[in-house]
Amino acid sequence: MTPARPPQSREDFEARLRAIGAERYHDRHPFHARLHGGDCTPDEVRAWVINRYYYQSRIPMKDAAFMSRVDDPALRRAWRKRMEDHDGSEAGEGGIARWLKLARAVGLDPDYVATSDGVLAGTRFAVDGYVRFVREMSLLEAVASSLTELFAPKIHADRIEGLLKHYAFADDAALSYFRKRLTEAPDDVAFGLAWVLDHADTAERQDAAAAALTFKTDVLWTQLDALWGAYVEGRIPPGAWRPGEGLLDRAAA
Ligand SMILES: O=C(O)c1cc(C(=O)O)c2c(n1)C(=O)C(=O)c1cc(C(=O)O)[nH]c1-2
């Protein structure tokens, strides 16, 4: 019998997870360079806001799917804050409502954006794949897949700076979503990382957790590829949002 492969040390395994982000996180996607560098047209920004809304809207659903599988009250207690962060505790509060403020700032009707009509099929497949992954895979893989948030504070800070610098629509209200995430995400991810390091206690479990994080980087990257093909290269697929649709009627607003 071949001897069991030893797990990596906690430090080495954490370094392995961080290396996945350094190589594959969507901050390296050319769409983000274009967005943060001020090179997106207003319609490219709108397309990003519409498609990214779909991701935002599914995050609390995936967290609810996760919690429904957890039998440890302590883990549920730590996790449920994520749903409140996105849904708020009152109507008009929370991350989803803040995202819709951004939608309004870029000239989109928030009611249109909230329907998710016009979302690219590529976005839908990627995001629905993430929700399904969290529903079906092990709890360790589910938590590990959330660890892309290790890399999110930097991209949120870059985004606030880049949008404020380059786009007339950007102000504190429009960007409140990102500013709030700067304080919300680090606590979530510190908890998630410690949980993964504690529970990935065999080489096989470490491999599974690393594969889950890799999968999640693909979920994020694929959304931007779909966006780039449709709106930068101009191959808008049937059924997807077209410039001019879903705009705020400023005269009536
Ligand atoms: O703007 C971004 O690049 C970005 C990335 C990610 C991510 O890494 O999945 C999240 C967010 N933002 C975010 O705002 C957010 O609430 C969030 C939750 C999760 C998750 O997987 O549970 N990821 C992310």
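Figure 1. H9 supplies the largest share of the shell around the ligand, with three residues. The ligand is surrounded by Ile59, Ser146, Thr148, Glu149, Ala152, Ile155, His156, Arg181 and Leu220. By class, the shell holds four nonpolar, three polar and two charged residues. One of the shell residues, His156, is also in contact with Phe178, the subject of the next view.

**Figure 2. Phe178 in helix H10.** Phe178 counts as buried because 21 C-beta neighbours lie inside 10 Å, and the cut-off for a buried residue is 20 or more. Apart from residues up to four places away in sequence, Phe178 touches His156, Arg159 and Ile160. Phe178 and Gly95 are 83 residues apart in sequence, yet their C-alpha atoms are 8.9 Å apart in space.

**Figure 3. Leu193, also in helix H10.** This helix covers residues 176–199. Leu193 has 19 other C-beta atoms within 10 Å and is therefore partly exposed; a buried residue needs 20 or more. Its contacts, leaving aside neighbours within four places in sequence, are Leu147 and Leu150. Between the C-alpha atoms of Leu193 and Ile236 the separation is 38 Å, for 43 residues along the chain.

**Figure 4. Ala200 in the loop between H10 and H11.** Ala200 is buried, because 25 other C-beta atoms lie within 10 Å. Leaving aside neighbours within four places in sequence, Ala200 is in contact with Phe13, Leu140, Arg205, Gln206 and Ala209. The C-alpha atoms of Ala200 and Val143 are separated by 11 Å, and the two residues are 57 apart along the chain.

**Figure 5. Leu227 and its contacts.** Not counting residues up to four places away in sequence, Leu227 touches Phe31, Ala47, Trp48, Asn51 and Leu120.

**Figure 6. Helix H11 and the residue Gly234 that follows.** H11 has 30 residues and reaches 42 Å from its first C-alpha to its last. This is close to the 44 Å expected at 1.5 Å a residue. After H11 comes Gly234, with a positive phi near 85°.

**Figure 7. Ser116 in the loop between helix H6 and helix H7.** H6 spans 110–115 and H7 spans 121–136. Ser116 is not a glycine but has a positive phi of about 60°. Most residues other than glycine have a negative phi. Ser116 counts as partly exposed because 16 C-beta neighbours lie inside 10 Å; that class falls between the limits of 12 or fewer for exposed and 20 or more for buried.

**Figure 8. Arg76 in helix H4.** H4 covers residues 73–87. Arg76 has 14 other C-beta atoms within 10 Å and is therefore partly exposed. Not counting residues up to four places away in sequence, Arg76 touches Met67 and Val70. Arg76 and Arg132 are 56 residues apart in sequence, and their C-alpha atoms are 19 Å apart in space.

**Figure 9. The span annotated in UniProt, residues 15–225.** An unreviewed UniProt entry places the feature "domain: Thiaminase-2/PQQC" at these residues. In the predicted model, the span is 76% helix and 0% strand. The end C-alpha atoms of residues 15–225 lie 27 Å apart.

How values were computed:
Residues numbered from 1 in each chain as written. Predicted model: local features only at pLDDT ≥ 70, side-chain atom pairs only at ≥ 80, totals over all residues. Helix = DSSP H or I, 4+ residues; strand = E, 2+ residues; numbered from the N terminus. Contact = placed C-beta atoms within 7 Å. Near = placed C-beta within 6 Å. Nonpolar A, V, L, I, M, F, W, Y, C, P; charged D, E, K, R; others polar. UniProt positions renumbered as here; feature names shortened; annotations may be inferred. Expected span 1.5 Å × (residues − 1).
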